[in-house]
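Here is a friendly walk through a few local features of one model, with helix packing at the end. Have your viewer ready and follow along.

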Amino acid sequence: SRLEAGTQVLGARPPFRPCGQRPLPTIIPSNSRPRAAGSRPMAMTPRSLVAPVLSLLLSLLLLLPFAEAKVEFGTARLGGGDGEALWHYTGKFGYAVGAGSYDVRLRLRAPPSEVTTVNLEVYLDEDWSRAERLSPCRRAVQAPARKTMVLRATGGEWSVWTGGTLEQSVRSHIWYFALSKCTGGHMASNATIEVDYELRSLQFDSSELSVELRYMPAATVLSVLCLTGYLLRFGVQCWRFQQSVGMVHPVIRALAGAVLLQWTAQVLHLSHLLAYERDGIGFPSQEVTADMLFMLSQVVSATLLIVIAQGYTLLQAKEAELSAIKPVAALVALLHMVLVGHGKMQGDHSQKHHENEGIVGWALLLVRLLLFVWFAIGVRVLKQKGGFRLQHFLNRFMFAGSLYFLSYPAIFLLVQAFAPYMRHPILTIALVAMQTASSFWLSDLFFSRGAYYEVSSLSGSLLPGGTGGSSPASWKKD
């Protein structure tokens, strides 16, 4: 990488609100007219779903991107004796090829009469691992920091924005930023200060998205459009199924829940990304909710596969056996939520390059392997109980289910081989594609009159003398 020498002091910037409030888009239902007393509610049909879905998509697309910058803000507590207390990691940003920029300003938490100086250190990703192994006050000299600047912080007042440029000519790089009170490789003093900081980063084209997020808005829009079309088609299939049978089978309702969770997660994620493009902050609460809903969607799909592997819809499974799965599924869902929450609580530390970094990702990998073992054992036992009638279907079901359960471990291990700035988009897009593909496959499994339809309870009420195993009245008890 080639770095441009020196730094530049930038003039007044547009008003900046690190925690600015933005009103959420108001969506008015198309069927909001009052209903006469005693009248029956209108039946939900596939056509009635179109207007609310399109209204929500239009509201999201109206959040046009107005570039400012990715914002890192917080408080650095510097001083107090040892070297670690004199150094504070502030954030990182992935720059694409070209000349990107960074700007920082400080505010000393002290009376207005007090003034201090703090060093800003900028490290290239190729030097970062070496920097972390060194003592804090030796990092800038020996790692080395590719750029350093002395910043002035005044008590009670923000300093002017001070920044510089970072240019990549060969490939994208992640740059790391830190504040320190070290001077000449030694500790400056034992006095402790608290400094508020705001760090803003921009790409060469004024985009505030770090390099790993540059194509995620487009990918998320494509995902939302694809899932929206699929949901509308799924609604039509459910409506036709209900018209034929009289009610929708529980496995179809479970699949509908999984798809709706994923769609909602992608819509919230898109809303966050579009807002992030405007102010560099986005909607963190929506992002957390989106990650949890997407994880729940995967848990519902995994539970559905395991329940079928235990004989549900294929054998006259005892109610007690199926009831025993419910608390285990709830525990698995809770464990996934705890892991997602733990990952969010870690924040954007220097070694976090995707949402499932570190212990969270390895724990999820272990859970998926255990679920796969449970699934495989269930299919093996089902083959013994079901006899020749189920063999053909179970062979295909085992193959497809194995792909689903083992896809996360394979994707998680695969992304470790890529450069850090490539891990997030590869992992995210691959997981969304995996979940979407599994929903498509399960939908085809339930609605097409193929091998599963012929051997399951879904055919029992539709074919005269069908031997699928149960009637619609028994589905409720299942």
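Serine 206 is found in the loop between β11 (193-202) and α4 (216-245). Helices here (H or I, at least four residues) and strands (E, at least two) are DSSP runs, numbered from the N terminus. This is a predicted model, in which local features need pLDDT of at least 70 and side-chain atom pairs count only at pLDDT 80 or more, while totals for chains, interfaces and linings use all residues. Residues are numbered from 1 along each chain as its sequence is written, and side-chain values use heavy atoms, with hydrogens and water left out.

Why stop at this serine? Phi of serine 206 is near 70°, a positive value in a residue other than glycine. Most residues other than glycine have a negative phi, and most peptide bonds are trans. Threonine 313, in the loop between α6 and α7 (319-323), also has a positive phi, near 75°. Buried or exposed is judged by relative accessible area: buried means under 20%, exposed over 50%, and partly exposed in between, with a 1.4 Å probe and protein chains only.

| Residue | Relative accessible area | Class |
|---|---|---|
| Serine 206 | 40% | partly exposed |
| Threonine 313 | 6% | buried |
| Arginine 146 | 31% | partly exposed |

Arginine 146 sits in the loop between α3 and β6. Its C-alpha atom is separated by 9.6 Å from that of tryptophan 175, 29 residues apart along the chain.

Strand β6 (residues 147-154) shows a covered face of Lys147, Met149, Leu151 and Ala153, and an uncovered face of Thr148, Val150, Arg152 and Thr154. In a regular strand the side chains alternate between the two faces of the sheet. Strand β5 (residues 115-124) runs antiparallel to β6 and is joined to β6 by 8 bridges; two strands pair if DSSP finds at least two bridges between them. Threonine 116 stands opposite alanine 153 in β6.

Now for the helices. Two packed helices are described by the angle between their axes and the distance between the axes. The axes of helix α6 (residues 284-309) and helix α8 (residues 325-345) come within 10 Å and cross at roughly 150°. Axes are lines fitted to C-alpha atoms, for helices over the stretch in contact, and angles run from 0 to 180 degrees between N-to-C directions. The crossing of α6 and α8 is right-handed, meaning that the near helix is turned clockwise from the far one by less than a right angle. Among the α6 residues in contact (heavy atoms within 4.5 Å) are Met292, Met295 and Val299, and among those of α8 are Val332, Met337 and Val340. The contact of α6 with α8 divides into 12 nonpolar, 3 polar and 3 charged residues. Here Ala, Val, Leu, Ile, Met, Phe, Trp, Tyr, Cys and Pro count as nonpolar, Asp, Glu, Lys and Arg as charged, and the others, Gly among them, as polar.

How do α6 and helix α10 (residues 388-415) cross? Their axes come within 11 Å and cross at roughly 150°, which means that α6 is roughly antiparallel to α10. The crossing of α6 and α10 is left-handed. By class, the contact of α6 with α10 has 8 nonpolar, 3 polar and no charged residues.

Note on methods
Parallel < 35°, antiparallel > 145°, perpendicular 65-115°, else oblique.
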